[in-house]
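Thanks for coming. I will go through some helix packing and a few charged pairs. Please have the sequence and the structure open.

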Amino acid sequence: MANDNQNQNLQAQEEQVEKTTGLINQIQKGQKAIMWSIIVLAIIVCVILIYIYAIRKPAIQAADDAIGQADITMTTGNDSTALHQYKQVADNYGYDAGNRAALNAAILLYRDGKYEEAIKYLKKYKATESIIGASSKSLEGDCYVNLKQLDKALDCFKQAIKLSDENPAYTPLFMLKAATVLREKGDYKAEAEMYKDIEKDYPTYAAQTGIEIQKYIKRAELQSEQAK
């Protein structure tokens, strides 16, 4: 009987030792996991800091310096050299400088009648402000008009209308451009509706700009009837 009790005590002690050992192992594993998590986090933080201070900031500064030089060239009236510099910034840098350089290059290319190349740089440009973004889309539409690609032009003007967020000075202008393209496409009914929308949504625009909106509406309606 005494032996049985002793064996039971020994067994219980062994079980307790096993439980304690298992708990210690679990704690050690948990500590190792925490330690490795801290190490990994520290490495990530170091990589981020290296990127910010050793790569990103110098790159931003270089881009700012490059576009600043292009801006100076532009003020001297040397458009061709400024265009070359803007294209280099747009092609080789990102960030705000590269974005603005793409738009400036596109404007100069449009003035030179290089519409396809202007579109290329307009597609690089990412709008950060509604009016400038809408105007860039309108400029892209102008390029397509000159290239006789009316469907693409109309799509750009519609995007400009949407981006301009009902701005009373710009939205009706983009609507007029869209109406002109609709007229060129022979869609006189849609042209008349666009003029009517301008008259309804921006009632003072026609008077402010001297546009005879009613005359355009009647002309489009008449041609729409004749086309039936």
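One term first: a residue counts as buried when its relative accessible area is under 20%, and as exposed when that area is over 50%, with partly exposed in between. Keep in mind that this is a predicted model.

With that cut-off, Glu140 is buried, because its relative accessible area is 3%. Its side chain forms a salt bridge with Lys123, at 3.0 Å from N to O. The pair joins distant parts of the chain, with Glu140 in helix 5 and Lys123 in helix 4, 17 residues apart. Lys123 has a relative accessible area of 47%, so Lys123 is partly exposed.

Now the other charged pairs. How many salt bridges does the structure hold? The count is 11. One of them is between Glu221 and Lys196, with the closest N and O atoms 2.7 Å apart. Here Glu221 sits in helix 10 and Lys196 in helix 8, 25 residues apart. Lys196 also meets Glu193 in a salt bridge, at 3.8 Å. Glu193 and Lys196 are both in helix 8, about one turn of the helix from each other.

Next, the packing. Helix 2 and helix 3 pack at about 140 degrees, with axes 8 Å apart. The two helices are therefore oblique to each other. Their crossing is left-handed. Among the residues that meet are Leu83 and Tyr86 of helix 2 and Ala101 and Leu108 of helix 3. The contact residues comprise 11 nonpolar, two polar and two charged.

Helix 3 also packs with helix 5, at an angle of about 30 degrees and with axes 11 Å apart. This contact includes Leu103 of helix 3 and Leu139 of helix 5.

Technical notes. Residues numbered from 1 in each chain as written. Predicted model: local features only at pLDDT ≥ 70, side-chain atom pairs only at ≥ 80, totals over all residues. Heavy atoms only, no water. Axes fitted to C-alpha atoms, helices over the stretch in contact; angles between N-to-C directions. Helix = DSSP H or I, 4+ residues; strand = E, 2+ residues; numbered from the N terminus. Contact = heavy atoms within 4.5 Å. Parallel < 35°, antiparallel > 145°, perpendicular 65-115°, else oblique. Left-handed = near helix turned anticlockwise from the far one by under 90°. Nonpolar A, V, L, I, M, F, W, Y, C, P; charged D, E, K, R; others polar. Salt bridge = Lys/Arg side-chain N within 4 Å of Asp/Glu carboxyl O. Buried < 20%, exposed > 50% of the residue type's maximum accessible area, 1.4 Å probe, protein only.
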